[in-house]
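Trainee: I have a new model open and would like to learn how to read it. Could you walk me through it, feature by feature?

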Amino acid sequence: MREDISKISKWGLGLVFLAALLVLPQVLSYSQREIAVLLVINVLLVASYRLMTLTGEWSLGHVVIMGVGAYASALFAKRLGVPVPVSMFLGASTAGLAAAVLSFPLFRMKGFYFLIGSFAAGEVIRLVWKYFSTPFGGPKGIKLIPGFPDIGPISMFEPENYYYLCLAVVSLSLFILYRIEQSRIGLTFHAIHWQDKLAESVGVGTFRYRMLAFVLASFFAGLSGALYAHYIGTINPTRFDVEEMVFVLIWAIVGGTNTFFGPIIGVVALTIINEIILRSLGFDSARPMIYGALLILSVLFLPKGLEGVVQKAGRIFKARKAPEPTVRREQNA
Amino acid sequence: MSQPILEVCDLCRSFGGLKAVHNLNFAVEPQTIHGLIGPNGAGKTTTFNVISGFYAPSSGKVVYQGRDVSGMKTSKLAEIGLIRTFQGTTLFQEFSVIDNVRIGCHNSARSGFFSRITGMDRAVETAALDKAHELLAFFGLSEIANEPAASLPHGHQRALGMAVALAADPKIILLDEPFTGMNPDETARMMELVRDVRRRGITVMLVEHDMKAVMGLCDVITVMNFGSRLVEGTPDAVRNDPKVIEAYLGRAIDAA
Ligand SMILES: Nc1ncnc2c1ncn2[C@@H]1O[C@H](COP(=O)(O)OP(=O)(O)OP(=O)(O)O)[C@@H](O)[C@H]1O
Ligand SMILES: [Mg+2]
C-alpha cells in the first residue's frame, strides 16, 4: 500500500518534471535555448560515462569516443549522402565498434593503467583526425555538416525544435541505459567492479562484460556526438580534447556516481552555474578555474556528490511524512 | 572403477625459482569428498588456482571429465561445472546477501541483451531468485537475505561464500579452507552441509587445516608437501603414516 503511494508520487513527480522539460524552451531566450540543446546532449554524454564506470574502470577517452560518433556521422552524411537520422545511428555504431576494437589492448590494464591507456588511445585517435585531411579535414576538422532534415514544416535548424528532438532521443537513450543498469547486466557490472575474481569463479566472462560496458557507453557517447555535430555544423579535433574530458569528469564527480541520476544532476547544476551565473556576471573565461574550485569543494564537503544531498533531502522529507525505516533497495524481478 | 571427474597429471607451477607445485598427481572420483592437506605453503591453494584456471600450469595437465582443460579460462571452467571457493573470505561485500547468490546464478540465468532491457528475462530471473532463496534456506541465511554481506559475522560469510559457489551449479566444488575461523559448533554444522552437498550429487574437494573435520568428512585424502604428493589414502591410513607425521613435524594431526 505504502509502496503504491510512493510509486504514484514518483510517477507524479516524473510527470511534473517532464512537463517542465517540455515548456522549458518557451521561457528561455534564443541563446539560452542553444545552451539547453547542448545541455541535453551533455546529459547523454555523462550518463553514458557512468555506465562505463560501473565496472570500475574510469576512461579518459570518453569525449574522444563522442568525437568518433560525431566524425563518423558527419562523414556518412556529408560524403556518402546518408540521411542524417541514419548517419547518426551509424555514427553511434562506429563509436561502439571503435570501443570493441580498443577493448583488446585496453582491458589488459586496470585502474590507473587503464586510465592512462584510455587517454593514450584517445590521443592517437585525435592525431589521426589531425593528420589525415581526407577524410577528417585535419586540424580544421569538418565544416558544413548537413543538418537534421526538417520534419514537415518544423525546421530543425531552430534550437527550440532541435531541443525537442534531442530530448526525445536522449530520453529514450536514458531509458535504455537505466534498464541496462537495473537488469542483471548492471548487477554483473557492479560485481566485476567489486570482486572480479569471484565473478570469474561463478562463470562471468569479465573481459566480455567489461567490453560490453565500454561498447554500450561508447555507442551512446557516439550518439551524443552525432547530435552535437549535426546541430553545430562543424567539428574539429580540439573540440574533443582532454579539457572537455575533464569537464565530464567534474560533472560526474560533483554530481556523484553512486546513482544513475548523480552525473545528470552534476551536469545540469554545473551548466546552470556556468551559463546563468558566470556568464551573466561576465566571469565566463574563468570557467576552468571555477570548475576546479567546485571540484575541490565538492570532494571536500560533498564526498557523495550532489546526489548525496538530494538523497538526504529526500530522506528528511520522507521521514517527516512517514516515520518508517527506509525500504530496501528495489529489486528487478 | 569409474572415470575420475578430475585428474591432475605431473602438474607443475613455479613462481620464478619457487616450485609451488611440482609433479603433482591425483585423481578425484565422482561423488566423493576428497581432501587435500599439507603444511602451510605446501602448494594447496596454488593447486586449486591452477585447476580452476586462475594460473596456467607451468607443465603437466588438468583433466576434467576426461577432457584436458589445462589453461582454460576460469569462467569457461565454471560454465562446465568446475567451481572453486577462496581461502580468504571473498564476497561482494557491497551487495545484499541475496544479490551475492543471484550473481552466483550467472550460468543458469543467461538471457539475451534485448530481453534484459525489455524485461523478457523475467522467467530466468524468477528462477534464479527462487534458487538463491533455496540456497539461503539450505545454509540457514534466509533471515538475513537483504542484509549487506559486509555486515555478516565471519561464519555466515563463509557459508555465504559456499552458497554463491553452489548457485553456479557445480559438478565438482573446490573448497579452500571452508572452516577457518569457525567455532566447533559452526564447523560441525558446516560439515553436515558439506555432506548434504555431496548428497546432491556434487563432488567435493576440500583443503582444510582442521584435521578433525578433514578426517571426519573425507573418503580419500591426498597429502602434499613441498608441492608434491607425499601420501594418499583413506583418513585412517593417512593419519597413521609416519611420513605424514614427520611432514607436520610433530604437529599432532589427530589431536583436536
Ligand atoms: N602468486 C604467487 N607468487 C609467488 N609465490 C607464490 C604465489 N602464490 C603462492 N606462492 C608461493 O607458493 C607456495 C605455496 O603457496 P600456497 O598458497 O599454494 O600454499 P598452501 O598450501 O595453500 O598454504 P596455506 O596452508 O598456508 O594456505 C608458497 O611458498 C607461496 O609463498
Ligand atoms: Mg592455501
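Trainee: Which backbone atom lies 2.9 Å from an oxygen atom of ligand 1?

Mentor: A polar contact is a pair of N or O atoms within 3.5 Å; within protein, one must be able to donate a hydrogen and the other to accept it, and residues adjacent in sequence count only if both atoms are side-chain atoms. Here, a polar backbone atom of B:Gly41 sits 2.9 Å from a ligand 1 oxygen. Side chains take part too: B:Gln87 has a polar side-chain atom 2.9 Å from an oxygen of ligand 1, and for B:His209 the distance is 2.7 Å. Taken alone, ligand 1 exposes 630 Å², and the protein buries 64% of that (areas by the Shrake-Rupley method with a 1.4 Å probe; for residues, only the protein chains shown count as cover).

A word on the basis: this is a predicted model, where local features need pLDDT of at least 70 and side-chain atom pairs pLDDT 80 or more, while totals for chains, interfaces and linings use all residues. Residues are numbered from 1 along each chain as written, chains are lettered from A and ligands numbered from 1 in written order, and side-chain values use heavy atoms, without hydrogens and water.

Trainee: How many residues surround ligand 1, and which elements give two or more of them?

Mentor: A residue counts as near if one of its heavy atoms lies within 4 Å. There are 14 around ligand 1, the closest being B:Asn40, B:Lys44, B:Thr45, B:Thr46 and B:His209. Strand E2 (18-28) and helix H1 (44-51) of chain B each give two or more (DSSP runs numbered from the N terminus: helices are H or I, at least four residues; strands are E, at least two). The largest share, 3 residues, comes from H1(B).

Trainee: How large is the area buried between chain B and chain A?

Mentor: The size of an interface is often given as the accessible area lost when the parts come together. Between chain B and chain A about 2900 Å² is buried, 64% of it from carbon and sulfur atoms (1.4 Å probe, summed over both parts). B:Arg102, B:His106 and B:Ile117 supply 20% of what chain B buries against chain A, more than any other three residues. The contact (heavy atoms within 4.5 Å) takes 33 residues from chain B and 28 residues from chain A.

Trainee: Which residue forms a salt bridge with A:Arg184?

Mentor: A salt bridge is a side-chain nitrogen of Lys or Arg within 4 Å of a carboxyl oxygen of Asp or Glu. The partner is B:Glu125, with the closest N and O atoms 2.7 Å apart.

Methods:
Buried area is the accessible area (1.4 Å probe) that two parts lose on being put together, summed over both.
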